[in-house]
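Here's a quick briefing to read alongside the model. Have the viewer open as you go.

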Amino acid sequence: MKTIRIIPRLDIKGPNLVKGIHLEGLRVLGSPEILAQYYYENGADEIIFQDVVASLFDRNSLHEIISRTAKNIFIPITVGGGIRSIEDIQDVLRAGADKVSLNTAAVRNPSFIQEAATTFGSSTIVVAIEAIKNEDGNYYAFVDNGREETGLEVLSWAKKVTDLGAGEILITSVDRDGTGEGFDYELLSAVKNQVNVPVIAHGGGNKSMNLIETIHKSNVEALAFASFLHYDAYNLIQQIPNGVEHGNRSFLEQNQSFKKIESGNISELKNLLLNNNIPCRS
Amino acid sequence: MKPKIGIIDYGVGNIFSVQQACNQAGMETDFINDPTNLKKYQALILPGVGSYATAMANLNSKGFIGPFNEYIKSGRHFIGICLGMQLLLTKSLEFGVHQGLNIIEGTVEKFKQDNNISYAIPQIQWNKIKKYKDKIDKPLSHFIEEDYMYFVHSYYCNVINRDTIVTTTEYCGIEYPSIIRQNNVIGMQFHPEKSGKNGLIFYKELKELIIEQHNYGI
């Protein structure tokens, strides 16, 4: 049986959970461990931590977040951001991650994917691709949260990374990210046609019929959500981070609501799937 | 009495999540990378992710093979998880033919694409376990029929003796063994330490069984 996974993606900057729109304009949303725990208890199938700044300075705080989280939640944890060497992978796995996601390092040196897959097994290596649609109608891969163009065309890049041993692909539509406009199933379907490994859709997710269409039309294996889930969880948890000041916290302190984006929880998403005869863990 | 579990550390897999799950259930753990003192553990867990050939080569070069067989003869629990389950079999067809530990007779084979439904390979997802036996003994008796577990694999165990099958799971159009058992040797294709509360049940039952056996002087 094929079952669809629902995966909260938590973007981390220093000690805080953040979320931007089009991967830009970060807002501080709270403590990542608390949110991860909340999602675990509410039916998340996996968790993705993405270190969006990945500076050397913040590395220890990322490892601490991973190990604190891994002590209490017993579902797979994928960690991405700033992973450049076999030692970096070892470090996050030792901290308690189950999989790593590679982007920039894979683009700069594709043979790193092969080295990583040989060392740790394909199923430990996720390659993340940030896709932006060009005027010519093709999608191109970006790095650095959608800021830096690589010149790589997404479909052939996706094929290449799986040939090199990637066990899974995480596709972010930068155009949709943080907008709640729905997944870009045209992009996802084109990628799925190129590869046989599981594909995780990310960017724009909401709880409309777009979800069902995305699964039927693109055949993806998993759906990752950030804004959609965080805003709902935030409204419930209402906690202010105690961490060091990083980025724009005025949002939290003024307790502004996030009315711009429709939000919801994991059960609502799973019920929508089940009501449309799409199997998922419930 | 606090059960002490040895987790075999031979350079592959996330051994830390196995440790967390054992600790959470109230058991102590050691990572073991040398086979000299296995007898002080009430159970051994052989985890593993990655390449079959590399895993066997590492176990061989560290001298684990003989001591594993002796440990198993002592009647204590020996538990293989994911690749660790596959290593229990006679051989694997992963990139050539590779000899396994040959504790449970069978061959590790790759999933084949189903013609009707598109299945991704590897299987990376939650899937259901179905009981294959009417009566299931401890420490596997608390698993709930049709509960979802977390699986990550491209190959599955094709065992010769169907009596060793405890539960099955369906993927790529085939029903394959998701838990196998031969006396005190247990193999699980899914990750009980990554299957939320459904999987932690196993670690708790293992702990209770070890204490029970200890109290009866077994």
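Predicted model: local features only at pLDDT ≥ 70, side-chain atom pairs only at ≥ 80, totals over all residues.

Residues are numbered from 1 along each chain as its sequence is written, while chains are lettered from A and ligands numbered from 1 in the order in which they are written.

**Chain A at a glance**
- Chain A has 11 helices and 12 strands; helices (H or I, at least four residues) and strands (E, at least two) are DSSP runs, numbered from the N terminus.
- Of its 282 residues, 55% count as buried. Buried here means that 20 or more other C-beta atoms lie within 10 Å of the residue's own, exposed means 12 or fewer, and partly exposed is in between, with C-beta atoms placed from the backbone.
- Take the chain A contacts between residues at least 6 apart in sequence: 70% of them join residues at least 24 apart. A contact means two C-beta atoms, placed from the backbone, within 7 Å.

**Chain B at a glance**
- Chain B carries five helices and 14 strands.
- Its radius of gyration is 16 Å, close to the 17 Å that the globule rule gives for 218 residues, so chain B is as compact as a globular protein of that length. The radius is taken over C-alpha atoms, and the rule is 2.2 Å times the number of residues to the power 0.38.
- The C-alpha trace of chain B spans about 55 × 40 × 30 Å along its principal axes.
- For chain B contacts between residues at least 6 apart in sequence, 70% join residues at least 24 apart.

**The nonpolar core**
- The largest nonpolar core has 153 residues. A core is a set of buried Ala, Val, Leu, Ile, Met, Phe, Trp, Tyr and Cys residues joined through C-beta atoms within 7 Å.
- A:Ile47, A:Ile113, A:Val127 and A:Ile169 have the most contacts inside that core.
- Leave out neighbours within four places in sequence, and the contacts of A:Ile169 include A:Val127, A:Ile129, A:Ala158 and A:Val161. A:Val191, A:Val195, A:Val197, A:Val199 and A:Ile200 are also among them.

**Where the chains meet**
- The contact takes 27 residues from chain A and 30 residues from chain B.
- On the side of chain A that touches chain B, helix H2 (59-72) and helix H3 (86-95) of chain A each supply at least two residues.
- That side of chain A has nine nonpolar, nine polar and nine charged residues. For these classes, Ala, Val, Leu, Ile, Met, Phe, Trp, Tyr, Cys and Pro count as nonpolar, Asp, Glu, Lys and Arg as charged, and the others, Gly among them, as polar.
- The axes of H2(A) and H3(A) come within 8 Å and cross at roughly 35°. Axes are lines fitted to C-alpha atoms, for helices over the stretch in contact, and angles run from 0 to 180 degrees between N-to-C directions.
- A:His63, A:Ile66 and A:Ser67 of H2(A) make that helix contact with A:Asp91, A:Val92 and A:Ala95 of H3(A).

**Strands and sheets**
- In chain B, eight strands form an open sheet with mixed pairing, in the order S2-S1-S3-S4-S14-S13-S12-S9. Strands pair if DSSP finds at least two bridges between them.
- The edges are strand S2 (28-32) and strand S9 (130-131) of chain B, each pairing on one side only.
- S9(B) pairs antiparallel with strand S12 (residues 165-171) of chain B over two bridges, and B:Lys131 stands opposite B:Thr167 in S12(B).
- In chain A, strand S8 (residues 139-143) and strand S9 (residues 148-153) run antiparallel and are joined by three bridges; A:Tyr140 has A:Glu153 in S9(A) as its bridge partner.
- The hairpin of S8(A) and S9(A) has four residues between the strands, and there A:Asp144 takes a positive phi near 60°.

- A cis peptide bond joins B:Ile121 and B:Pro122, with omega about 5°; B:Pro122 sits in the loop between strand S7 (104-110) and strand S8 (123-128) of chain B.
- B:Lys138 to B:Pro139 is also cis, with omega near 0°.
- A:Asn219, not a glycine, has a positive phi of about 70°, and it counts as partly exposed with 17 C-beta neighbours inside 10 Å.
- A:Asn277 has a positive phi of about 60°, and is exposed, with 7 other C-beta atoms within 10 Å.
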